[in-house]
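User: I'd like to go through the labels on this model and ask what stands behind each one. Please set the values against the definitions.

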Amino acid sequence: MSTTDPYTIEIIRSSLEAIGDEMFSALQRTSMSPIIYETLDFSVGVTDASGDLITQGNGTTVFLAMIDSLVRDILAKFGSKGEIHPGDVFMSNDPYEGGGTHLSDFGLVSPVFHQNELVAFVVNKAHWVDVGGKNPGSFSTNATEIFQEGIQVPSVKIIARGAVNEQILEIIAANIRLPKDSMGDFWAGVAANRVGERRIVELFAKYGRDAVLEAKEQLLSYGETMIQKDLAALPKGVFTAEDWIDDDGITSAPLRVQVKVTITDDEFVADFTGSAPQAQGPINNSRTGLVSAVRMIFKALTNPHIPANAGCFRMVKVVCPDSTVFTAKRPAPVSTYWETQMYAVDLIWKALAPHVPQRLTAGHQLSVCAVILAGTHADTKEFALLVCPLVGGWGAGINQDVESGQFSAADGETYNIPVEITEARYGVLVEQYAFHNEAGGAGEYRGGRGVVMDYRVRTDDFVLTGSFGRFKYPPWSMNGGQTGSPNMLQVLRTDGTTETYGKIAGLPLRKGDVVRMITAHGGGVGDPKKRPIERIREDLHNGFITPAQVQSDYGLSL
Amino acid sequence: MRVATDVGGTFTDLVYYTNDKATGRPELRSAKVDTTPPGFERGVMAAIAKAGIAPADFAFFSHGTTIVINALLSRKGAKTALITTRGFRDVLEIARGNRPDLFNFYFRKPPPFVARSLRTEITERVDYQGRVLKEPALDELPALVKQLSAEGVESIAVCFLHAYINPVNEQAVVARLQQLWPTVSIIPSHEVTREWREYERTSTTVLTAYVHPVAKRYLEKLRGELERGGFRGAPYIMQSYGGIETLEAVARNPITMVESGPASGVLGAIALGRVTGDHNVIALDIGGTTAKCSLIDRGSAKVTTDYKIEWTRTNPGYPIKTPVIDIVEIGNGGGSIAWLDEGQRLHVGPQSAGADPGPAAYGRGGTKPTTTDAQLVAGRIDPRNLLGGEIRADMDNVKRAFEPLVKHLGGSLAEVARGVIRIADANMVNALKLVSINRGYDPREYSLLAYGGGGAMHAVALAAELQVPQVIIPVNSAVFSAWGMLLTDLRRDYLRTRVTPLTTSSPGAIAEVYDDMANHALAQFKADGIDLQRVRLERFADMRYLGQEHTVKVRFPDGQFTKESLAEARARFDEAHERGYTYKLPHDVQIVNFHVVGYALVDKPELPKIPAARGPASTAIRSRRQVDFDQHGLVDTPIYDRLALGSGAELVGPAILEEPAATTVVPPGMKVLVDEYGNVRVKVS
């Protein structure tokens, strides 16, 4: 029975939800790495003392299970032994236990106490630009064991009652390529947690333990109630999809993956049984990553707008045997896990798009299209390490064209790195950043346009790593639309030759070589012949399609 | 005579100082007329006529207007084209590629102001160090002009890569364009912003070009009307960064007036503080739809260029890199609607009943309960004194409007109304925290200065929540923003991105950039006929630790550039970083943006004092009524006529202080003092 009035409860709930925003901003504003401060490849959150998610601030969509599982890992390892104290900070980048991503993402967990009682955890998890391993930037497309992918930090206490364990930091710093930046990011993460901790302590002090805990419970049941309403509106039944992942980066064989989604009145079950086994190369995804993927698409399907908390996902079940490409086990390499994680999202998307078309578009570029360029800055002569994702085309909707030049669904509040900053910071020359006219994506509703971006390297020692999934299997279409165009990576050599890749690791470049990144057009929806002529005319006038495509795709000559 | 006019969305306000014939004392007078779109200058002239004054008598005329923001929000600007570096015309449409509405797969970016067919490219290139790699291919321009004029283009934005560091290619292209097409508006990026990040700079340039013809026409008409009325001085235009600027300069770069209204209120707060000694103030303006707040620390407000129009949590909006006073705005005002979502959570705002239909109490068709309606239920507003007495509240309609909430939430109407006020207050407290606590400023060291129609009503409760020790309700709180324009200096901001190590640079290298900017500023003031004796320059720097991207703005020491002054700048940065983000680092420090502010001091009227109180404050009590003070419950409360309270008057809450367009709510036990200028000061306990 409630002892606090509903208005006070509401005010506490809003304050709890606002904490995520504030932690997010603190980390972004102080980080040393563009992958954090521009790309916003990080997440922050608050859980209760048991690890249930209360609020989360996201740069990306696919970290939705990462915050609470990290806390549960810390609780299992330290909580059971009574080793969680005020002033402690725990650190982990373990992809298999709790973490769910790859070694590049470092999680920091701080317990929050009120009058000596553990009441909450504040957490952040951010992509460090380099964590060691065989390739600069740490992720590769051809590692065969996790030991090649960087230093492993499996849930350690990095700050004990306020005292920093300098030895551990020294070991980490000695194993990574940009220790100064990463140590800056470490402190930015600690600061973000402090901000969250301070706010929670203030809330408990002001409203008292019982009121805050009651508000927390109501927050979670509110999430559950809201999502239950949306679940009720979804079509019931069994929905399936299958697809092919290009390859594992080691051999050229494609990997078959599948899903069976069962929606009932009170459950949403995603069963990936039958998907390809764990691969030799680093496209493997771990189980926490799979749960995050399912939560992400479930959120998009049900209610994209309410703040995510543990209550929102109580009706979600994920089924998949161990040791598949979605549920790899130690010591499988996992550094480009997101390519496969996004397939888990996309399979459910593909299975349900025809049935929930008001929420789901045709297939989009899917891949984050990440490249790493590492080498000597032409002017400063310092080591430059450029890590960035690229925007691409989204699939058309059931009744409209959707977006061009936008980051993958795996990303979200993700910003491209400005050309002017890229040139200053990394010493390369950017020669174009524009929509392209590759074939694909025609339809009554046209797929969004992908982009082309050219980097010309200005020194002789640059190496290129890049992972552009959907190179062999372009984005899918619906209702007779055209499939999108593939993602691809090209190197234009100074001798006039061109090399084309979907995945490449550590490729040497010479001064004057151009790295050309081309991202997919999204899939089209509906027969292109049904597209109104004025839209075709407008597309032609704007140069989104060529006169030849007007003829070949739409059967017209304008 | 000194006159200021402020063109708002609904009303055009005019304030002026004149000497009272009997006492010789300066007196503030005001006039209010309807705003007259699209010919806004007619409203200005009507306000002058209504006040019964003549432009021939104006010694000073300052003007604020919403024309720029209106043209942007209603998409009523000029047909605009864009010229970029070859290969980069799509930067405007790709924008930053972000999707703040993370889980909405039908997300659409805000559409670009220039369609792709009007985005053109020319061959040219400058690198990040400002070296020209390719001269601009001017021979490409004639064909381009032909194409754009055939499309009916009225305005052209020119934005090239790295023009922030070396604008020579932009300048060459603009010069040639002017020869080829003398009648078109041309806005080059380097004249509106000198910061890096090509998307933000392109967006700024495009939006400036988009409003340029409209704004220029308006300003010229206004000047024409004033001159016809006999005005012989130079009109000044209020700027978003809290200063005024000459009409000619604004006509060249009109985007600088995009937020002139809110900025003038903050300026008023600064100017008032200069007289009364209140240098640490949180300024709060509560209107019908929104509440805006801004923090004034040691007499100055922060100015940023992180400004966006149409930004929401789910919409990236359009960035405009023009200096704007740092204001946090939330969708909570007197007209904000209280509503339940599907999960039965009670929210207040951001939807607003606005002025039409307005709150349910207006009886003009409003059926939803608003904050104003809740205040009426609580007895804080006199039902006979709505909208300055123009309307009598329809309390039956108010009850009907609250019925659904009462049914779902349970409890009485009074309890629900109290809850609505509490949630509206909590929303505003969060906004106030954003400008104070969240940025490392302790509200206990500030006063809360509240104005606008709703400021006085909420201020004391908000201050109590934040432990702000004092609330100030200024005289003329309803026309406070226009009043601020009478008290402001001419101000110009100069910002240049030039990434420079602070720790390892010689003082000479830093001096070179600042001196060049100072000389440029002084030359501009001189060219505008401003007496350099009245010009004062201040230096700022946007700094960061080596490796960081985001910067913190710090006041750079005045005087000679020495090792010591550089060390002082670093110390100030460390302190500001620690204040904002809880820690500092031993890393090297870089300056990213050099920022010079030039003030040309303007003569200002003296703030008039009010007569001393005669007799006890109780002589100003006009009536009594039952008022709901939340945790204090219903209290029999005296209603004071604020304008009858003299200097030095003291009273203790519970009290309601009424004046024509505002109501101050003072909870039981709090002490009120009227100062010598007529400001109401509430000691918050």
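Analyst: In chain A, the centres of domain 1 and domain 2, taken over C-alpha atoms, are separated by 33 Å. This is a predicted model: local features need pLDDT of at least 70, side-chain atom pairs count only at pLDDT 80 or more, and totals for chains, interfaces and linings use all residues. Residues are numbered from 1 along each chain as its sequence is written, while chains are lettered from A and ligands numbered from 1 in the order in which they are written.

User: Which residues belong to domain 1 and domain 2 of chain A?

Analyst: Domain 1 of chain A covers 6–225, and domain 2 covers 361–558. Such bounds come from an automatic or database domain assignment.

User: How many residues does the contact take from each of these two domains of chain A?

Analyst: Domain 1 of chain A gives 20 residues and domain 2 of chain A gives 21. Two residues are in contact if their C-beta atoms, placed from the backbone, lie within 7 Å. On the domain 1 side there are 7 nonpolar, 10 polar and 3 charged residues. Nonpolar means Ala, Val, Leu, Ile, Met, Phe, Trp, Tyr, Cys or Pro; charged means Asp, Glu, Lys or Arg; the others, Gly among them, are polar.

User: Why are α1(B) and α6(B) called roughly parallel?

Analyst: Helix α1 (residues 40–51) and helix α6 (residues 198–228) of chain B pack at an angle of about 30°, with axes 9 Å apart. Angles under 35 degrees count as roughly parallel, over 145 as roughly antiparallel, 65 to 115 as roughly perpendicular and the rest as oblique. So α1(B) and α6(B) are roughly parallel. Their crossing is right-handed. The contact is made by Phe40(B), Glu41(B), Val44(B) and Met45(B) of α1(B) and Tyr218(B), Lys221(B), Leu222(B) and Glu225(B) of α6(B). These residues divide into 5 nonpolar, no polar and 3 charged.

User: Why does Glu658(B) count as buried?

Analyst: Glu658(B) has 20 C-beta neighbours inside 10 Å. A residue is buried if 20 or more other C-beta atoms lie within 10 Å of its own, exposed if 12 or fewer, and partly exposed in between. So Glu658(B) is buried.

User: Where is Glu658(B) placed, and which residues does Glu658(B) touch?

Analyst: Glu658(B) is in strand β32 (residues 655–659) of chain B. Not counting residues up to four places away in sequence, Glu658(B) touches Asp382(B), Asn385(B), Ile639(B), Tyr640(B), Asp641(B), Arg642(B) and Thr663(B).

Note on methods:
Axes fitted to C-alpha atoms, helices over the stretch in contact; angles between N-to-C directions. Helix = DSSP H or I, 4+ residues; strand = E, 2+ residues; numbered from the N terminus. Left-handed = near helix turned anticlockwise from the far one by under 90°.
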